[in-house]
Amino acid sequence: MQTQLKKIIILGGGSAGWMTAAALGKILSKHPCDIQVIESEEIGTVGVGEATIPQIQLFNDLIGLDEDTFLKRTQGTFKLGIQFQNWRKPGHSYYHAFGEVGKNMEGVHFYQYWLKMRQQGKAAPLDEYTLSSLACNEKRYMRPFEAGNSPLSNIAYAFHFDAGLYAKFLREVAESHGVQRTEGKVTEVRQHPDGSIQSLILENGNEHDADFFIDCSGFRALLIEQTLKTGYEDWRHWLPCDRAVTAPSSLTETPWPFTRAAAQQAGWQWRIPLQHRVGNGHVYCSEFMTDEEAENTLRLNIEGDLLADPRQIRFVTGKRNKFWHKNCLAVGLSGGFMEPLESTSLHLVQVAISKFFSYFPFQQPCQSDIDQYNAEMDFEFTRIRDFLILHYHVTEREDTEFWRYCKHMPIPDTLQEKIDHFKANGRISRFNNELFNDLSWFEVMYGQGLRPEGYHALADIFPEEELARRLEGIQRVVRKSVDYMPGHAEFIAKTCAANRD
């Protein structure tokens, strides 16, 4: 008989630690397994991950969060997509919007019909058929509701929120399920003869042992790397940005329902509106820009007053060679870092947790389970990596040394295959349920300036006159649906406005 886990220690708090603790606390509440979080208030967290993707709703539902309460507690706003400014070329802008684009017909994706008509100059811009893009432009938002065949039935959305407040809220959820928190810094990690982790020694001399350890210690990776030395795969040759400078600023207008990512001379700058402030950050490559230049760029492009001094963060985009090794699992930044261009950081925490439940171990973990978990996490990271590289590589920009490097750098074969496939007839293959679907790839590929030579053969099934009428009808329905939506700020005020006390 296998022996059940009796105790799990999570090292580190922040979003990753408390997401993990809240999920474990909820799922294991009926099992005799103690969960302990060890963290130190003296050790700060990165805490800049304020934008998410729609999958975050699945996690919040898993741990039983009421959405309005969650948004009130975290000063949250809604997100319908990302606006990319100056990526294809200076002055150009496009949306990677959540949800549907047009309406699929006869088993063929709408964008294939749109490609055919657009190539002939007979279709409006893609945004005119995309509810989320138009709603972003007009700062409108509402939750989906049962509206029949209307786009209003299928509004996909995510959130912006204060990551520090989210972690605090999750701690309350975790503790309500019996999770215990211990304050302290780890000074020593003791190991069993087989190399697995036995216990953690804190500054006060107390020793804490467990059957299993989850490393949420951030970039330090105290357990998975400093102790178990699993190694790290560096992707800076494909994603060269390695630093960020961040600062909050005051609101100067009502919050809009999208993240703004504006390309700069050697990287890009985000702008994320919350209910009480705006989150700002400049991601850049230190090889092409100094820290002082990066901070000056951030300051120059901030609207409103700075609410805190700018903060520098250094990182290496890539992933751990092993996310799970022996009796230790890396979750969050200890497992790898994907720059926040497509708001995937918290999603990767969520994936790590859900896959851990799929392979939840006994006291003696099964090596084949560990190997399978690592293979699946490798896949998640590498496919997101390719999607991020796409933004940098497919560009018309050659106005700075940084952009010339990105445009002409070699890229992974997996990404080159996707680009080549799209160039022929606009086809996009989604492999093994990778995170970003064909619509996401299409919006970014086309937005970045990639143009296919043709379109899907079945897009010719309708006579052009009929297809033109159908596109016009879809455009009218999308326009009418957006007109029905209230303002984003108005919706927040009525449903989930944070307490201003």
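**Close-up views of a cavity and a domain interface**

View 1. About 30 Å³ of space lies in the largest cavity, a cavity being a set of points on a 1 Å grid over the protein atoms alone where a 1.4 Å probe fits but cannot get out, with the volume taken as the space filled by probe spheres set on the points. The structure, a predicted model, holds 1 cavity of 30 Å³ or more. Lining residues, which have an atom within 4 Å of a point, include Thr52, Ile53, Gln55 and Ile56 together with Ser343, Leu346, His347 and Gln350.

**View 2. The two domains and the area between them.** By an automatic or database assignment, domain 1 comprises 7-49 + 162-232 + 317-365 and domain 2 comprises 82-156 + 243-314 + 383-500. Their centres, taken over C-alpha atoms, are separated by 32 Å. About 1,500 Å² is buried between domain 1 and domain 2, 69% of it on carbon and sulfur atoms; this is the accessible area (1.4 Å probe) lost on putting the two parts together, summed over both.

**View 3. The salt bridge at the interface.** Across the interface of domain 1 and domain 2 there is 1 salt bridge (a side-chain nitrogen of Lys or Arg within 4 Å of a carboxyl oxygen of Asp or Glu). Asp162 and Arg277 form a salt bridge in which the closest N and O atoms are 3.1 Å apart.

Residues are numbered from 1 along each chain as its sequence is written, and side-chain values use heavy atoms, without hydrogens and water. In this predicted model local features need pLDDT of at least 70 and side-chain atom pairs count only at pLDDT 80 or more, whereas totals for chains, interfaces and linings use all residues.

Terms used. On a 1 Å grid over the protein atoms alone, a cavity is a set of points where a 1.4 Å probe fits but cannot get out, and a pocket is an open set with protein on both sides within 12 Å along at least five of seven lines; lining residues have an atom within 4 Å of a point.
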